[in-house]
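Subject: Structure handover, with ligand site and cavity notes

Hello,

Here is the structure for your set.

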Amino acid sequence: MTAPLELPGWTHTYSGKVRDLYVPADLPAGGEPDRMLVVASDRVSSFDVLLEPPIPGKGELLTTLTLWWFDRLAGGDGGPGIPNHLIPDAEIPAAVRGRAMVVRALRMLPIECVVRGYLTGSGWGEYQASQTVCGIHLPDGLRNGDRLPAPIFTPAYKAPQGAHDENISFERTVELVGVEHAERIRTLSLQIYERGAATADARGLILADTKFEFGVDADGVVTLADEVLTADSSRYWDAAAWAAGQTPAERMASFDKQIVRDWLAAHWSREGEPPTLPADVVERTAARYRELIERLAG
Ligand code: ATP
Ligand code: MG
């Protein structure tokens, strides 16, 4: 991983798999920041490992899409008004303009709030073993890529860095964050999914599944954080291909990092260092990320 940038007014504090976090440079040692700078890099991860090389332009595309969705979800078009962590119109250092945002520092809840409208990925794996996903019983006879009778909330425990996230039941979520927060993040997640899926549908896209992160602000308000409804955090498919396709590959024509997942699954046993992504996989992924923004936001 390349070293974090020197940014005027900010001090680097943490790097996740994709994002670099900075706190105000004038924060006293040991102090709690009230705001943070979140910089999206071009790094790409799959199966919880970081891959080489980065995908050119990805950080900017993720940031553009997150800002576009924040605006729509905040009620810009008559929606329910989902509170998010963005501090609008804050000054962004020139070196990262376009791929960074200033946000309120939240106490993050350690839950990956996954919502699935369709059955695939780890949900498909669990379904084949037990006909459930995160303890939710599903009808029999479903195929990979099928639409579910209704969207389901399938949380995962956000493991500390280096460990793999783990699908958990709603009961386990209650144990981890308390019943009030657990119910709130379930309600918000399903609401955001419904709105995202409807918007995608109007543009010929299927929002198959997606993942949110929430934090609690200083007033105790559960607030949408991180990135939202991007090609990194979501599976988007082409609706026409899904309707006409026969094989799973034809049905699930993806506008996300599925290209990377598929290539990696075919070329890596998930042990040791993952291989370097070939140039054509990098280029096709970058093109798909751009295409998604064009299709959604025009
Ligand atoms: P990990 O941190 O385990 O690598 P990740 O892949 O989700 O997980 P990134 O998305 O690269 O990590 O990093 C973003 C980090 O910033 C996450 O740990 C996320 O929980 C945290 N984060 C996002 N928004 C906020 C916020 N408003 N306040 C505090 N932390 C936040
Ligand atoms: Mg993240």
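A cavity here is a set of points, on a 1 Å grid over the protein atoms alone, where a 1.4 Å probe fits but cannot get out; lining residues have an atom within 4 Å of a point. Grid points are joined across faces, edges and corners, and a volume is the space filled by probe spheres set on the points.

The model is predicted: local features need pLDDT of at least 70, side-chain atom pairs count only at pLDDT 80 or more, and totals for chains, interfaces and linings use all residues. Residues are numbered from 1 along each chain as its sequence is written, chains are lettered from A and ligands numbered from 1 in the order written, and side-chain values use heavy atoms, without hydrogens or water.

**Cavity**

The structure has one cavity of 30 Å³ or more. The largest cavity holds about 70 Å³ of space. Its lining includes Arg19, Val38, Leu62, Thr66, Met101, Asp226 and Glu227. Strand S3 (35-40), helix H1 (58-76) and strand S6 (100-104) each give two or more residues to that lining. Helices (H or I, at least four residues) and strands (E, at least two) are DSSP runs, numbered from the N terminus. By class, the lining has six nonpolar, two polar and four charged residues. Nonpolar means Ala, Val, Leu, Ile, Met, Phe, Trp, Tyr, Cys and Pro; charged means Asp, Glu, Lys and Arg; the others, Gly among them, are polar.

**Ligand 1**

Ligand 1 is surrounded by 18 residues (a heavy atom within 4 Å). Tyr14, Val18, Arg19, Lys158 and Glu213 are the closest.

- Tyr14: a side-chain N or O atom is 2.4 Å from a ligand oxygen.
- Lys158: a polar side-chain atom is 2.8 Å from a ligand oxygen.
- Leu106: a backbone N or O atom is 3.0 Å from a ligand nitrogen.

The protein covers 91% of the 610 Å² of accessible area that ligand 1 has on its own (Shrake-Rupley, 1.4 Å probe). Where does ligand 1 lie? Domain 1 (10-104) and domain 2 (107-255) both give residues to its shell, so ligand 1 lies between them. The domain bounds come from an automatic or database assignment. Strand S2 (19-24) and S6 each supply at least two shell residues. The shell divides into nine nonpolar, three polar and six charged residues.

**Second largest pocket**

A pocket is an open set of points with protein on both sides within 12 Å along at least five of seven lines. Of its 16 lining residues, Thr2, Ser41, Asp42, Arg43 and Pro54 are the closest to its centre.

Best regards

Definitions and conventions: A polar contact is a pair of N or O atoms within 3.5 Å; within protein, one must be able to donate a hydrogen and the other to accept it, and residues adjacent in sequence count only if both atoms are side-chain atoms.
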